[in-house]
Amino acid sequence: MSTPEQRPEGMSRRQLLRHTAWFGAAVVLTVTGGEVISHLGGTPAPAAVAADPRALRFVQVSDSHLGFHGPANSDVTGSFARAVDEVNGLGFRPDFVMHTGDLTHLSTPDQFDQVRQMMRGLRTGQVFTVPGEHDSVDDHGQKYRAMFGAGTHGDGWYSFDIKGVHVIALVNTLALEKLGHLGVDQLDFIRKDVAGLSSDTPIVVFSHIPLFAMYPAWGWGTDDAAQALSYLRRFSSVTCLNGHVHQLFAKTEGNVTFYSATTTAYPLPHPGVGPGPIPVTLPAGQLGAALGIRDVTYQPGQHALALRDLRLADRKPS
Amino acid sequence: MTPAIPLLTRLGAASCLAISGVIHAQLYLHGYRMLPGVGPAFLLQASGALAVALLLALNTTAVLRLTAAGLAAGALVGFIASRTIGVFGFLEYGLEPEPQALISIVVEATALVLLATPLRHPRHGQHSSPRISLWQA
C-alpha cells in the first residue's frame, strides 16, 4: 500500500528531502569553492588595474578594410569610427593601440590617408600597426611603409619594450603564396631580438595572419611560424595576437597562447564553412555583434594577460 | 561483495573527481581563467568537482553520484569538443597541456567507470543485499 510518505513507484518525502539537502550542500560548497579559487587567481578588479600605473593596458583593433563596399557592411568607415569611439570610451587611456592589419581594403593612397586620419582620433599613448595582405595589394607594402613604417626593420617588422613586456610586431603578409610567411631575414630578427631577454619576460607577438594553423586550407596559418616560435619556447608567457580571420578564436600550444581578433568591418565564415573566406552578410541588426575591439591587460606578477573582447553593437557613433 | 568494496569504489570515484577538480583549478589559475567562456567553465568544473568529491566521500546519495558523473562526463565532452569543434572559440591539440590533459581524461573516465559499478546496499527489512546501481535512488 502506498502512502504520501512512501510510494513504491517513487521516492519518499524523506528521501526527497535528503537528496535536496545533499544537492544543496553541493551547490553551497561549489559556490564557496569557486569564490576561493577565483580569489587565489588574484585577478584584481578592473578599476584597481586601471589605477595601477605598473599595469600595461593596450587595445587591439583589426581588419578595418577602409574602402570596402559590399552588402556585408555598407559603411566600414562608420564601423571604424565606432571602434575608435569605443576605444576612447573605455574609461582608461590605453598605453597603446595596435591595429593588426588590413587597415585598408585596396591599399590606395586615399584609403591609407583616411585610416591614418581616423586613427589620430584615438586617445592613447601610441598607435602601432602591422600590415595585412590588403595593405600591400600592388606594391609589396611600399605605400604602407611610407605611411606607417617609420623606425621599423626590413619590410616593416619591429619590437619594443613597455612596462616590462616585450612586444614583437611581425609581417607575414608580403611573401605569402597561400599561407603567411615570415622569411629568413625576419626569423633572424626574432632570434636576435629575444636572445638577450630573461626567460621570465612576458612576450606579446602581433601579426596579421595567425602564427598557428587555424585553417591552412584557407591560408589561415604561417608556413614558417614554427621556427619563429622555437625562439620563444624558453619564455614562460608568450601571447600571440592576430587578425585576418575576422572572428574570435583562441588556442594554446605549450607556453604559447594564440588569440585571433574579430574585425571592425565584416565577418568571415567559421573555418571550413562554405566555399571559402568570403564576407558574410548577416541579417539586419546583427552586424554590430560580430564586430569589435579587444582590450588587454598585463598586471606585473601575473603569468598571463587578461583579454576582454568588446562588441561594437551597443555603442553609437559620437 | 563485502561492505569494504562499495566504500572503496565510492572513495575511488571521489578521489578521481577531486584530482580532476585540482587539475582544472590549477589550469584555471595558470591562465585559462583569461579565456572567454572557457575560464568560467573551468572554475565551475573545479569547484563543483571538489565539492561533490568531498560530499561523495561522506555519502553515496544518488543525486551526488549523478552530479559526480555529470561533472566527469562534462569535462570529457569539453575535452573532446576542444580538440574538434572548439569550445567558445577555443581549440587545443592532442594531449596539451602536458601532463594535465592525460591525467584529467584518465581520472574522469575512471570516475565514470567506478560510478557505474553496481553496489550492494542493505535495505530495511531485507536480510539479503539486492544489487543496485549507482544511478538508482
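Some conventions come first. Residues are numbered from 1 along each chain as its sequence is written, and chains are lettered from A, with ligands numbered from 1, in the order in which they are written. Since the model is predicted, local features need pLDDT of at least 70 and side-chain atom pairs count only at pLDDT 80 or more, while totals for chains, interfaces and linings use all residues.

I turn to confidence. The predictor gives the complex an ipTM of 0.75 and a pTM of 0.73. A contact here is a pair of residues whose C-beta atoms, placed from the backbone, lie within 7 Å. Where pLDDT is low, the predicted coordinates should not be read in detail.

Next, the fold of chain B. Chain B has 4 helices and 3 strands, in the order α-α-α-β-α-β-β along the sequence. Helices (H or I, at least four residues) and strands (E, at least two) are DSSP runs, numbered from the N terminus. Of the 137 residues in chain B, 41% are buried. Buried means that 20 or more other C-beta atoms lie within 10 Å of the residue's own; exposed means 12 or fewer, and partly exposed lies in between, with C-beta atoms placed from the backbone. Among the contacts in chain B with a separation of 6 or more, 65% are between residues 24 or more positions apart.

How do the chains meet? The contact takes 32 residues from chain B and 31 residues from chain A. On the side of chain B that touches chain A, α1 (4–30), α2 (38–58), α3 (62–83) and β1 (90–92) each supply at least two residues. The most come from α2(B), with 10 residues. By type, that side of chain B divides into 21 nonpolar, 8 polar and 3 charged residues. Nonpolar covers Ala, Val, Leu, Ile, Met, Phe, Trp, Tyr, Cys and Pro; charged covers Asp, Glu, Lys and Arg; the others, Gly among them, are polar.

There is also strand pairing, which requires that DSSP find at least two bridges between two strands. Strand β8 (residues 249–253) of chain A and β1(B) run parallel and are joined by 3 bridges. In this pairing, E92(B) in β1(B) has T252(A) opposite.

Finally, some features of chain A. Helix α1 (residues 13–40) of chain A has buried residues W22(A), A26(A), T30(A), G33(A), G34(A) and I37(A).

Two loop residues have a positive phi without being glycine. D102(A), with phi near 55 degrees, is in the loop between β2 (96–99) and α4 (109–119) of chain A. H140(A), with phi of about 55 degrees, is in the loop between β3 (126–129) and α5 (142–148) of chain A.

Conventions:
Two residues are in contact if their C-beta atoms, placed from the backbone, lie within 7 Å.
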